[in-house]
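Subject: Structure handover

Hi there,

Here is the structure I promised to pass on.

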Amino acid sequence: MTDLGAIVDAFHFIRPWVLLLVPVIALLWWSARRAHVRRDVPAEGIAPHLRAALTVGAHGRRRLEPIDGVAVVLLLVSVGAAGPTWSRVPDPFAAQSAPMVVALKVTPSMEATDVAPSRLERGKQKIRDLLELRAGARTALVAYAGTAHVVVPMTEDPGVMVPYLEGLSPEVMPQEGDRAADALAAAEGLLGGEDGPGGIVFVADALDPADVAALDAAASAVAVLAMLPAGTNDRGLDALAAPVVPVTPDGSDVRRVEHTLNAAYRQALLEDGAQPWEDQGHWLAIPAALLGLFWFRRGFTMRWALVLALAAAIAPVRPAEAGMVDWFLTPDQQGQRAFNSRQYRRAAELFVDPLWRGYALYRDGQYDEAISVLSRVETAEAAFITGMAALKSRHYRDGVRAFETVLARDPDYPGAAENLATAKDIVAYVEHMQETSDTGEDRGIGADEVRYDNESGRGVDTEIEAPEEGASGLLTTDQWMATVDTRTGDFLRQRFALEARQ
């Protein structure tokens with residue numbers, strides 16, 4: 001379903017009883033309009049030149065009267081008060097775009113060079129472009145050939161995925177083949193752990209016809225980015241009912257894939273009854289206010305008012321740098337628009353509200369800055385975001401304190417108890433490893449420098465200085481790093497082979 005079709009299907013009024021005012025306004029307008037209709041001067045018994053002199057406004061009769069403008073304003077206000085809506089209120093603590101799994105086909109056929117530099121390398125480039133376009137939305141990577149393997153689980157950090165993506169080649173896959181259905185099962189398993197609906201993008205040059213039915217019947221939204229030259233057909237891709245987007249030299253193919261998945265995501269959110277409907281009636285206040293500006297003039301011209309109202313309704317709002325947007329939107333409103341567009345850094349610069357500014361910093365990955373800003377807000381929401389930021393920055397004890405604060409402020413806050421238990425488990429695990437680990441001090445083996453927050457007093461606090469370069473015959477840090485020669489591809493080949501045997 002297209003975006004327009006989804007809007008039309010979901011459109012309704014939150015308070016439809018307010019629309020009872022519409023016939024009342026129409027009746028009042030009709031009554032007032034009849035009173036303003038000028039009656040013609042009788043022609044009988046009056047000379048034509050006298051009749052013309054007694055007639056005022058015969059050639060300049062207005063088609064629109066001030067009462068018409070009043071009626072339009074009242075209708076706009078009434079319809080706006082009825083609460084027109086076609087979307088759900090977005091959850092501020094959920095991702096604003098669909099979680100996605102990318103399934104990359106890694107077979108010898110993907111090394112063909114008809115799509116420069118090769119189908120596989122171009123597919124990797126498109127995946128990187130897609131990660132950049134999605135601005136930190138949750139994404140996972142699956143590689144498949146004769147077997148399917150989860151390369152990277154769900155993550156919001158695209159930097160984690162890039163080195164594993166570069167290490168993928170047909171040599172690391174344990175079996176040759178084209179098992180897209182296995183990749184679909186792995187992808188749906190990853191999406192099953194997400195809070196909301198998601199989508200799957202296959203980056204491939206062909207599909208086995210035996211897998212087409214499975215992809216068409218998938219519960220999640222499926223799209224295929226076809227790594228084929230323009231005009232090349234494949235019977236597996238041709239038979240697929242899911243959207244197939246051919247590769248292009250520019251980024252239009254990636255934008256189309258992202259738009260397709262987000263459209264399916266928004267459609268799924270419309271069917272989620274957990275979130276309330278978003279009241280869109282405020283948009284009708286803009287033309288109503290512009291029409292009201294002309295009420296101070298007697299006999300104002302409604303034609304110009306309608307032109308201005310339509311221009312205000314359809315004109316796009318320019319970025320904040322243009323200056324004019326400051327006349328109509330507060331900094332927080334501008335920040336909300338940037339946030340909804342996933343421009344989190346820009347939103348953090350615009351927001352005045354510390355809760356939203358801290359949340360924008362958190363979504364942008366500036367965890368320490370987010371914690372500093374959120375310290376000003378004494379709400380459960382602020383403490384929850386602080387806890388998540390602390391966990392992301394590996395300040396696990398601070399995360400425990402933050403989630404304890406959430407429960408103190410709101411014992412029923414969703415997810416707080418679960419996250420508190422997780423944070424405590426992480427702290428206990430790290431302390432246990434510190435308590436049982438062998439520092440090697442009794443054998444003269446040391447590290448560069450070891451520090452850990454040992455608030456509970458478990459284990460032994462150590463601070464070990466590295467030996468001088470060349471002392472005792474030990475390797476320096478640079479010498480030790482020079483001995484490490486493990487590529488990502490080697491690691492993936494060993495891991496995939498082990499998974500295939502299991």
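Below are my notes on the salt bridges.

This is a predicted model, in which local features need pLDDT of at least 70 and side-chain atom pairs count only at pLDDT 80 or more, while totals for chains, interfaces and linings use all residues. Residues are numbered from 1 along each chain as its sequence is written, and side-chain values use heavy atoms, with hydrogens and water left out.

The structure holds 16 salt bridges (a side-chain nitrogen of Lys or Arg within 4 Å of a carboxyl oxygen of Asp or Glu). One of them joins aspartate 178 to lysine 105, with the closest N and O atoms 3.2 Å apart. This pair links distant parts of the chain, 73 residues apart: aspartate 178 sits in the loop between α6 (158-166) and α7 (180-191), and lysine 105 in strand β3 (residues 100-105). Helices (H or I, at least four residues) and strands (E, at least two) are DSSP runs, numbered from the N terminus. Both aspartate 178 and lysine 105 are buried (under 20% relative accessible area; exposed is over 50%, partly exposed in between, with a 1.4 Å probe and protein chains only). The two also belong to a network of salt bridges that links Lys105, Asp114, Arg119, Asp178 and Asp205.

Another salt bridge pairs lysine 392 with glutamate 156, at 3.8 Å between the closest N and O atoms. Lysine 392 is partly exposed because its relative accessibility is 34%, and glutamate 156 is partly exposed too, at 30%.
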